[in-house]
Amino acid sequence: MANKQALRELQQRLAQRMQAAREAPQAANWLAVECAGLGLLLPLKQSGEIFTPVPLQAVPYTQPWMLGVANLRGGLHTVVDLAAFLGLRGPIPMTSAHRLVSINPDLGINCALLVDQLLGLRGDEQLQAEPDAPGHPDFAPARMRDGQGRRWQVLDLDALTQHPQFLRIVLN
């Protein structure tokens with residue numbers, strides 16, 4: 001009988017802790033990455049898994065920033081060189097220092113973005129919004145600055161995956 005009571009109390013404590021975790025504000029909202037020296041913030045809710053570089057299968061007649069396709073956990077994903085797509089530099093071969101950040105499957109696209117390096121997680125409390133500069137595409141909705149003075153460009157991955165240029169992978 002004492003074991004049943006202890007088990008019930010344990011279950012109640014676990015349920016209370018799970019509820020508190022759901023209600024607590026999320027500390028990390030952003031995945032901070034770097035592409036060609038530019039700091040980018042990817043929303044955690046729109047980001048998927050992070051992978052070390054894997055062998056790619058090239059796809060002919062595609063844009064230079066479309067590096068190929070890769071098998072990531074049994075799923076076929078296109079791999080986009082994010083810095084090259086954004087026009088920050090030309091496409092480069094993958095090295096062991098690069099990372100692939102998959103896009104959340106809920107967004108309905110099997111794609112991974114090649115980034116030069118991961119810089120960790122950031123929370124909203126660590127960032128301050130900057131005045132918006134005109135001329136940014138809709139997938140780059142805001143700029144932020146952290147406590148060390150570094151500027152960050154926010155990328156809306158949902159808007160990115162729906163952008164006509166991103167979807168136009170075939171060479172004309």
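1. Ground rules. Because this is a predicted model, local features need pLDDT of at least 70 and side-chain atom pairs count only at pLDDT 80 or more, while totals for chains, interfaces and linings use all residues. Residues are numbered from 1 along each chain as its sequence is written, and side-chain values use heavy atoms, with hydrogens and water left out.

2. Overall form. The protein has 4 helices and 11 strands (DSSP runs numbered from the N terminus: H or I of at least four residues for helices, E of at least two for strands). Its C-alpha trace spans about 75 × 40 × 30 Å along the principal axes. The radius of gyration is 20 Å, whereas a compact globule of 172 residues would have one near 16 Å (taken over C-alpha atoms; the globule rule is 2.2 Å times the number of residues to the power 0.38).

3. Surface and contacts. The accessible surface comes to about 10,200 Å², and 55% of this belongs to carbon and sulfur atoms (Shrake-Rupley method with a 1.4 Å probe; for residues, only the protein chains shown count as cover). Of the 172 residues, 37% count as buried (under 20% relative accessible area; exposed is over 50%, and partly exposed in between). Among contacts between residues at least 6 apart in sequence, 56% join residues at least 24 apart (contact means heavy atoms within 4.5 Å).

4. Strand β6. On one hand, β6 pairs with β3 (residues 47–51) in the antiparallel sense over 3 bridges, with I103 as the bridge partner of S47. On the other, β6 and β7 (residues 111–115) pair in the antiparallel sense over 4 bridges, and R99 stands opposite V115 in β7. Pairing here requires that DSSP finds at least two bridges between the strands.

5. The nonpolar cores. The largest nonpolar core has 25 residues, and L82, L113, L160 and F166 have the most contacts inside it (a core is a set of buried Ala, Val, Leu, Ile, Met, Phe, Trp, Tyr and Cys residues joined through side-chain atoms within 4.5 Å). Two or more residues each come from β1 (30–35), β2 (38–43), α2 (82–85), β6, β7 and α3 (157–162); α2 gives the most, with 4 residues. Not counting residues up to four places away in sequence, L160 touches L82, F85, L113, F139 and F166. A second, separate core of 8 residues includes F51, L67, V79 and A112.

6. V80, worth a look. V80 lies in strand β5 (residues 75–81) and counts as buried because its relative accessibility is 2%. Leaving aside neighbours within four places in sequence, V80 is in contact with W65, F85, C111, A112, L113, L114 and F166. V80 and P164 are 84 residues apart in sequence and 15 Å apart in space, C-alpha to C-alpha.

7. E130, a loop residue. Is E130 buried or exposed? With 15% relative accessibility, E130 counts as buried, and its place is the loop between β9 (127–129) and β10 (142–146). The side chain of E130 makes a polar contact with the side chain of R145 at 2.6 Å (a pair of N or O atoms within 3.5 Å; within protein, one must be able to donate a hydrogen and the other to accept it, and residues adjacent in sequence count only if both atoms are side-chain atoms). Leaving aside neighbours within four places in sequence, E130 is in contact with R143, M144, R145 and R151.

Methods
Buried < 20%, exposed > 50% of the residue type's maximum accessible area, 1.4 Å probe, protein only.
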